[in-house]
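Open your viewer and get ready to click along. Could you walk me through this structure, one selection at a time?

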Amino acid sequence: MSEQVWVVLQHREGKLHRMSKEAIAAGQRLAGEIGGTVSGVLLGSGLGDLVAQASAFDLATLYTVDDSALQDYNPGAYVAALTPAIREQAPAFVVFPHTYQSVDYFPRLGQALDAALVPEVIGFENGADGLIWQRPILGGKLQARVRVKTSGTVLLSVQSGAFPADGAAAGQADVEPLPSVPSGLTSDREILEVQQVGDDQVDLTKADVIVAIGRGVGGADKVESLRELAKVLGADIGASRPVIDNGWLLDADGNVERERQIGSSGQTVAPKLYIAAGISGAIQHLVGMKGATCIVAINKDATAPIFNIAHYGIVGDLHEIVPALTEAVAAVKG
Amino acid sequence: MRIAVCIKQVPDTEARLRVAKDGKWLDEEDLRFVINESDEYAVEEALTWAEKTGGEVVIISLGPARVQEALRKGLALGAAKAIHLVDEAYQGGDARATAVALAAAIQNEGADLVLTGSQSDDVGYGSTASLVAGHLGWPHAWLVMGLEVEEGGATAKVTREMESGMNEVFRLTLPAVIEVQAGINHPRYASLKGIMKAKRKPIDKPTPAELGLDAASLGAAGSHLEILEIAFPDSGDGAQMIEGDAAAAAKELVEKLQKEARVL
């Protein structure tokens, strides 16, 4: 029997998560590499149209679990539903989208199966000693090449953007219930509510120009020069996570402007011009802004990963460069 | 409540990083180490809840001798005691092997709640504490931005980050492993008095045998993963770098944004 690759699909409000398609693309590539087949796994309650969405890919089988304990995501029921099937069918690889949901439970699944975990994969190659996985380390400053040295199923999550969704081949999958799902699945979380973080009035997704502030700014009292640059550019202010966590970006009432956070836990933006000042470029930030048409990076560290995706870069002290830039912009905008 | 908090000492990512000669990890000579950012928030959260419930905090870390400095800092902030998994057999493991050791230390110590950061700033597996929860058979939550211990420690109300600026609020039963996100609170600074008191607080260094562990399940021997090589990434096309003093660079950039990129 050929080796199997499974892809566990994430969804929300009746739609497949964008990164589920990227995970399918990764699974298909992986199956091609090892000469195996790829199947999808869809868990939820009242799956309905999701089955049609998920089976429209080139998958050998779409396995489904439709159970009321899976109505709201919870690690207890997810791990309990998946464990026996993976143990018995022993797929070579199970691919997850690297999302806040997957990473909440797939290590737990790994523990239950004693399976190897490779989180945040951004690429792989097939070498003499088997598959070598690439993943970012040290905030994306470096990358590691890692190998699984034990045998058995490997669980991996694929980082956003590493395997583009348009690489997911379409097709028509056979739909089957996932085998060996135990009866009496129960949730280990009592879901109380879902909240919007901060002020939902701030919508950076439509901004044409964004001045984004990073940790390199150095303090709440040092933000003013960036606000001045934003003013002459007619730009919106955004920030990376550390700036928000440190409480450096405050509104007129002294409240932290968390709604201006850009990145995987904040907004995803695609302006014409994005000026990243003092942002090193951790992958969690990059996924939220790499769609910008033109990216300018200003950072004192010439090895900062932001320079890899920026179009223009200036190495230096942002507190010198930003005021100079404000002046230069003002001169041409008059 | 007795609260165990697991911390990791990591290289300061703001520091200049150099790859070691063997290519497998960083050259640690002259490298500055700090407490992992999200773990600092976990320490604060642990101290807060220990104070509110009249309990105490035990701070646990796995790593070489240098980690003692991080543990001393945790003691200075108010932890009652520290556990340092410093034995050679514990070192060099992946999330699997590290979790085996941490879970055994927690079990040995006894805890009503385990707090830790969501992800290390060095290898960044984001998995270790969830594996610890699995070994303990406790519920867990990753990326926690709010914690309220309820019912005298029977349950906890947890606010967890989701994507796209949403949070999910749910209740789970304690004991549990709570993996906090940076930004959940405002970490305190150590007082001089705290630093002085910390010098007399105990740091236990249990061996694998004392925790009932087989060395084969620990460190590199107990790991699924092996790091073959680390490297700075290819810069791809990379940015067009603009040189010169601030005024000259700013002027050139504006010109390029107008005439080349046409975004201004």
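Here is a tour that starts with whole chains and ends at single residues.

**Before you click**

This is a predicted model, in which local features need pLDDT of at least 70 and side-chain atom pairs count only at pLDDT 80 or more, while totals for chains, interfaces and linings use all residues. Residues are numbered from 1 along each chain as its sequence is written, chains are lettered from A and ligands numbered from 1 in the order in which they are written, and side-chain values use heavy atoms, with hydrogens and water left out.

**Stop 1: chain B as a whole**

Show it as a cartoon to see six helices and 13 strands; helices (H or I, at least four residues) and strands (E, at least two) are DSSP runs, numbered from the N terminus.

How much of chain B counts as buried? The share is 58% of its 264 residues. Buried means under 20% relative accessible area, exposed means over 50%, and partly exposed lies in between, using a 1.4 Å probe and protein chains only.

Now colour chain B in two parts: domain 1 is 2-222 and domain 2 is 236-264. Such bounds come from an automatic or database domain assignment. The centres of these two domains of chain B, taken over C-alpha atoms, are separated by 44 Å.

**Stop 2: chain A and its two domains**

Next, select chain A. Domain 1 covers 4-177 and domain 2 covers 204-333. Their C-alpha centres lie 34 Å apart. Ten residues from domain 1 of chain A and ten residues from domain 2 of chain A take part in the contact between them, where contact means heavy atoms within 4.5 Å.

The two domains of chain A bury about 680 Å² between them, with 56% of it on carbon and sulfur atoms. Buried area is the accessible area (1.4 Å probe) that two parts lose on being put together, summed over both. On the domain 1 side, pick Tyr100(A), Gly139(A) and Lys141(A): these lose the most area to domain 2 of chain A, together 56% of what that side buries.

**Stop 3: where the chains meet**

Show both chains together. Chain A and chain B bury about 7,000 Å² between them, and carbon and sulfur atoms give 57% of that area. Which residues of chain A lose the most area to chain B? They are Tyr100(A), Leu138(A) and Tyr312(A), together 11% of what that side buries. The contact takes 77 residues from chain A and 83 residues from chain B.

**Stop 4: two helices of chain B**

Select residues 128-136 of chain B, which form helix H4. Seven of its nine residues are buried, among them Leu131(B), Val132(B) and Leu136(B). The buried residues of H4(B) pack against parts of both chains: helix H4 (102-113) and strand E7 (116-121) of chain A, together with helix H3 (95-109), strand E6 (113-117), strand E7 (140-150) and strand E10 (177-180) of chain B. Just after H4(B), look for Gly137(B), which takes a positive phi of about 75°.

Then move to helix H2 of chain B, residues 68-77, whose buried residues include Leu71(B), Leu75(B) and Leu77(B). Gly78(B) follows H2(B) and has a positive phi, near 135°.

**Stop 5: single residues**

Zoom in on Thr159(B), in strand E8 (residues 155-161) of chain B. Thr159(B) is buried, with a relative accessible area of 17%. Leaving out residues up to four places away in sequence, Thr159(B) touches Gln195(A) from the other chain and several residues of chain B, including Met145(B), Asn167(B) and Val169(B).

Now find Pro175(B), in the loop between strand E9 (166-173) and E10 of chain B. A cis peptide bond joins Leu174(B) and Pro175(B), with omega about 0°.

Asp30(B) has a positive phi near 65° and sits in the loop between strand E2 (9-11) and strand E3 (33-35) of chain B. Ser180(A) also has a positive phi near 65°, and its loop runs between strand E12 (174-177) and strand E13 (190-196) of chain A. Asp30(B) counts as exposed, at 71% relative accessibility, whereas Ser180(A) is partly exposed, at 33% relative accessible area.
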